[in-house]
Amino acid sequence: MTSGMLAEIGKGIYETLYMTVLSTGIAYMIGLPLGVLLLITRKGNIRPCPWLNTCLGTAINILRSVPFLILMIFVIPLTRLVMGRSYGSFATILPLTIAAFPFVSRMVESALSEVDGGVVEAARSMGSTTMQVIVKVLLPEAVPSLLSGAAITTTNILGYSAMAGAIGGGGLGALAINYGYYRYNTEVMFVCIVILVIMVQGIQYIGTKGSILCDHRIR
């Protein structure tokens with residue numbers, strides 16, 4: 001493998017990490033409050049609001065139902081408007097975020113729903129406000145599940161970023177397709193696959209370890 005190709009692989013790793021980390025961060029900024037809202041507006045929860053829960057849940061389910069490649073193509077005009085162009089690693093952050101935040105919101109809702117209801121009721125009986133229950137009870141108690149979910153979410157976004165390479169998304173996915181597939185360079189294809197596998201394993205390991213360390217139930 002030439003030094004030029006090694007440089008391209010290095011650039012592909014950087015672009016993949018750049019897209020994944022930034023998209024995951026923005027997706028959590030949107031998905032975390034939505035997940036909390038989905039939980040507390042359930043019937044019989046802290047602030048029940050069935051119509052809001054139904055509307056929000058339906059919108060999130062619709063977005064989750066659209067395959068990523070189709071979604072990325074569909075939002076090309078929006079990507080061009082917001083990001084200034086519709087190709088490259090920077091532009092791919094928008095469709096990655098749109099694809100990820102509905103998944104994040106459901107992961108957060110699931111994690112928070114695992115919190116013992118008795119703990120929540122105890123906090124409410126002591127006069128805690130809704131915000132205090134969320135910030136001081138729900139989120140801290142759900143940290144292990146949230147970390148585990150964050151690892152799954154990040155690996156999903158990593159997979160999406162690789163798929164984005166098929167339509168000019170950049171990163172290791174674009175490298176594997178442009179050099180490995182179109183130019184029949186199986187060595188490049190193999191290296192890209194190995195690097196992606198290592199990234200996924202690393203992210204999953206960090207998420208699992210963090211979840212175990214933060215879980216006070218197993219100490």
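A residue is called buried when its relative accessible area is under 20%, exposed when that area is over 50%, and partly exposed in between, using a 1.4 Å probe and protein chains only. Good morning. The structure above is a predicted model, in which local features need pLDDT of at least 70 and side-chain atom pairs count only at pLDDT 80 or more, while totals for chains, interfaces and linings use all residues. Residues are numbered from 1 along each chain as its sequence is written, and side-chain values use heavy atoms, with hydrogens and water left out.

I turn to the salt bridges, where a side-chain nitrogen of Lys or Arg lies within 4 Å of a carboxyl oxygen of Asp or Glu. How many are there by this rule? The count is two. In one, the closest N and O atoms of Glu 109 and Arg 42 are 3.1 Å apart. Glu 109 belongs to helix α5 and Arg 42 to the loop between α1 (3-40) and α2 (50-65), so this pair ties together parts that are 67 residues apart in sequence. Helices here are DSSP runs of H or I with at least four residues, numbered from the N terminus. Arg 42 is partly exposed, at 31% relative accessible area, whereas Glu 109 is buried, at 8%.

Arg 106 also forms a salt bridge with Glu 109, with 2.7 Å between the closest N and O atoms. Both residues lie in helix α5, three residues apart, about one turn of the helix. Through shared partners, Arg 42, Arg 106 and Glu 109 join into one network.

Finally, Thr 92 also lies in helix α5, which spans residues 89-113. Thr 92 is buried, with a relative accessible area of 1%.

How values were computed:
Helix = DSSP H or I, 4+ residues; strand = E, 2+ residues; numbered from the N terminus.
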